[in-house]
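Please look through the structure below together with its sequence, and keep both at hand while reading the explanation that follows it.

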Amino acid sequence: MALIALPTLGPANNTTAQENDVTDKVCGPRGSMAAGGEQQQAHRAGLYKQKNKTHKHGKHRTKGEVERENKGRVAAMAVTKKQRRELSKMDRRHKAGQLRRNKKDQVLAEKRRLGSGDGPPHLVAVVTLHASADAASVARLLRAEGGGGLVRVTQGTEDCFGLVLPRFKHRFIFVRPDTADLHTLLDVAKVADSLVFVLDAAVGWDSYGEYCLSCLFAQGLPSHVLVCQGVAALPVKKRADCRRALSRLTESRFPDARLLPLDTEQDAALLLRHLGSQKQRRLGFRSRRSHLLAQCVTYMPTCSDNGPNALPMGLGTLRVSGYVRGCPLQVNRLIHIVGHGDFQLSQIDAPTDPLPIQLTQPHPAKPGKVDVEMTDGGDGPAVRVLMKADPAQRESLQTEAEVDPMDREQTWPTEEELQEAEEELKNRRVLKVPKGTSEYQASWIVDDEVGEASDDSCDDSCDDDDDMMEEADEDERDGGSDGASGDEAEEEEEELSSSGRGGTDQQYDEGMDEAEESEGLKRYREARAHEIFPDEIDTPLDVPARTRFQRYRGLKSFRSSPWDPMENLPPDYSRIFQFQNFERTRRRVVAEAAQEEEGAMVGWYVTLHVVDVPPSVMESFQRGRPLLLVSLLPHEQKMSVMHMLVHRHPSNTEPIKSKEELVFQCGFRRFRASPTFSQHTAADKHKMERFLRADAPTVMSVYAPITFPTAGVLVFKQRDNGMQDLVATGSLLSCNPQRVVLKRIVLSGHPFKINRRSAVVRYMFFNRDDILWFKPVELRTKWGRRGHIKEPLGTHGHMKCVFDNQLRSQDTVMMNLYKRVYPRWTYDPYVPLPLPWVKQEQSVDENEEME
């Protein structure tokens, strides 16, 4: 057995003789002297040997060099949980490749499922973009039997029919919406898988077609195909030039679209083949929600009891049959019928599919042809119930939060206080009141200026008085700037009107709405004054400034000065819902909807039983309007403050004022509201805009039901004659009731006497108390000087101000004041139908004939 010497803690040359002997026996002699035969001890480095630092060559070590030096060794204290979860570079690359392949396979599976037996039929909408284009002829070509083994299925009306291609194992549903009705066109385009735009061979599309394209692009355009009619009727030499001209015209709007002729049955067969194989465009707002286009609708009124004398209650059960699209449909979710409101489901049935791919019955006359027999899936024996709603799990129709006005600390008044209040009420001197005012209302109308001022100051939730006074101030400033008084302006108008009487001018004036013209002129003057003097108003002479602007405050810095978002909220905020983190909730809801595997699956032909539906829904469907049902995500029926980022449409030239009633189409919803405009910035405070700007994006804030982004937004303005003009387009921004929107007013003054940095300013205030009240607010000038009020001079509004630099005589002294504004609760889910474009064209033609 060999013995090994252990190292010692001392120096290497202090070994004992016994240790040397053991070492010599095991390992042999350490060494020997040349003379005398004496052995020499060898040097061994100890633990405390000096180690010099390596030369720093100034180069960065690569990851490979570090790994080679460490040789796989990792310090125990440096390893964290995050590092343990991290994958290597190769593993991350493999994982990214797997995700790409899975997404590609998913998209390919969706494309293959569309129109097949496992998925819903391919929904195609035929849209005409020119008045001379004929959509009916396109439908006749598609329904013809010379397209190579096509099977035709009629579904009751000429505007909607089904089509089966047994050879390609593909099925279609073609819808021909009324292009003159813009609401119908937009509703069908929301759920259509493909759009077929019918163009004119000479000019492509007209002005109304351009208007429809603007709305469709803003809403979200699915896959589309361009077809032109009338090319075959042209001479052979002109066909190539016509196609080339149309291609140049469509490149601006459709850079990647393909232009196909459609004059024969062979062209229709090529169109069907192209529709079945083209790439599908995914729209987020519809793919995340279950939706259904009604194919068969029945209505059963709800009776008061089951006896023989049962009477209808005004509501009923609507049974809607159609194919499920988007994602699986759950029976406990709420259903939104576009244009009619939110409702609940009672059950879901599974009737027989009226458009099957499996065709087994041969045609009696043509052995190569087969027919599909349509069956009514409403009351047939083959109908089976898929699922019924659970009352405990079904979502509620509650849209507003319950408000309890007695939830705060209150004290009951004593009898003495009640007697004093009654005596004080009797001693008040009552003024004249309008007709129809009750005694209780009349007792509160008193002749007390101080009391009226205090009442106005307490009304923080409404700023109508401020807006009216500001409008009056702006009108006065406009009148003064024109250099003429109101009487002179009236005389000029009378002269102009008298000189324009007679002949064709009188006929032209008869067709003009004078009230609309005067309103437009007033709005135009306000917009022009705001553009020249932004946010500037005049201090009133009859009301103290501290009373008129008591709800405003000054800010040292609009960017960095704090403003509490929960301060002095209006009573309407107690009726809305708020998320702790809206973005986190949106991601969770969308992820759960994508992973949902229960309910009626995509592609099933089902019948939905919608309860408590008014009969107007059935009447609308009977008039030929499409019926569209959408399953709402959780919380999407509740009211909150919605913000939409929009751009002004180039076709709109009229000024749009803030808090003016507009018509919104946000995703699948359509409603009316009066929005508040504000700037789109990344700060915590946002300046209110009085008018919709044309050179910058604008945020519109309204009280509306919650909708999770993404969703397109279209904003229309309803005219008095029934027409709806597109004024803005954009997208949904967020849902945030704590977004601070500040309204700014600017008080201006004129430097009267200047002494270097100090100056005497007048015309900003008109009494000494107002100057002392606004003394802490900082001043600025149009030329960039900053200063503050030092002291008032006299009693007529002169004040001494000090600035940071020399003041010019042509400069203007200004004071910025801010107050927070809130939207108005003017949400109305009912939107009147727009005037059809045909009537608009007829009215225009009639006016031209009169001229």
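Predicted model: local features only at pLDDT ≥ 70, side-chain atom pairs only at ≥ 80, totals over all residues.

The paragraphs below go from a helix to a strand with its partners, and then to a nonpolar core.

The N-terminal end of α5 is capped by Asp-134, which places a side-chain oxygen 3.1 Å from the backbone nitrogen of Ala-136.

Strand β30, made of residues 813-820, is mostly covered, with eight of its eight residues buried. In a regular strand the side chains alternate between the two faces of the sheet. In β30 both faces are covered, with Val-813, Met-815, Leu-817 and Lys-819 buried on one side, and Met-814, Asn-816, Tyr-818 and Arg-820 buried on the other. Strand β25 (residues 740-755) pairs with β30 in the antiparallel sense over eight bridges, and Ile-745 stands opposite Leu-817 there. Strand β27 (residues 779-781) also runs antiparallel to β30, joined to it by two bridges, and here Arg-780 stands opposite Met-814.

In soluble globular proteins, nonpolar side chains tend to be buried together. The largest nonpolar core in this model has 73 residues, and Phe-197, Phe-664, Met-700, Val-715 and Phe-716 are those with the most contacts inside it. Helix α7 (residues 207-219) gives the most to this core, contributing seven residues. Leaving aside residues up to four places away in sequence, Met-700 touches a set of residues including Met-642, Leu-662, Phe-664, Phe-677, Val-715 and Ala-728.

Technical notes:
Residues numbered from 1 in each chain as written. Heavy atoms only, no water. Polar contact = N/O pair within 3.5 Å; in protein donor to acceptor, adjacent residues only side chain to side chain. Helix = DSSP H or I, 4+ residues; strand = E, 2+ residues; numbered from the N terminus. Buried < 20%, exposed > 50% of the residue type's maximum accessible area, 1.4 Å probe, protein only. Pairing = 2+ DSSP bridges. Core = buried A, V, L, I, M, F, W, Y, C linked by side-chain atoms within 4.5 Å. Contact = heavy atoms within 4.5 Å.
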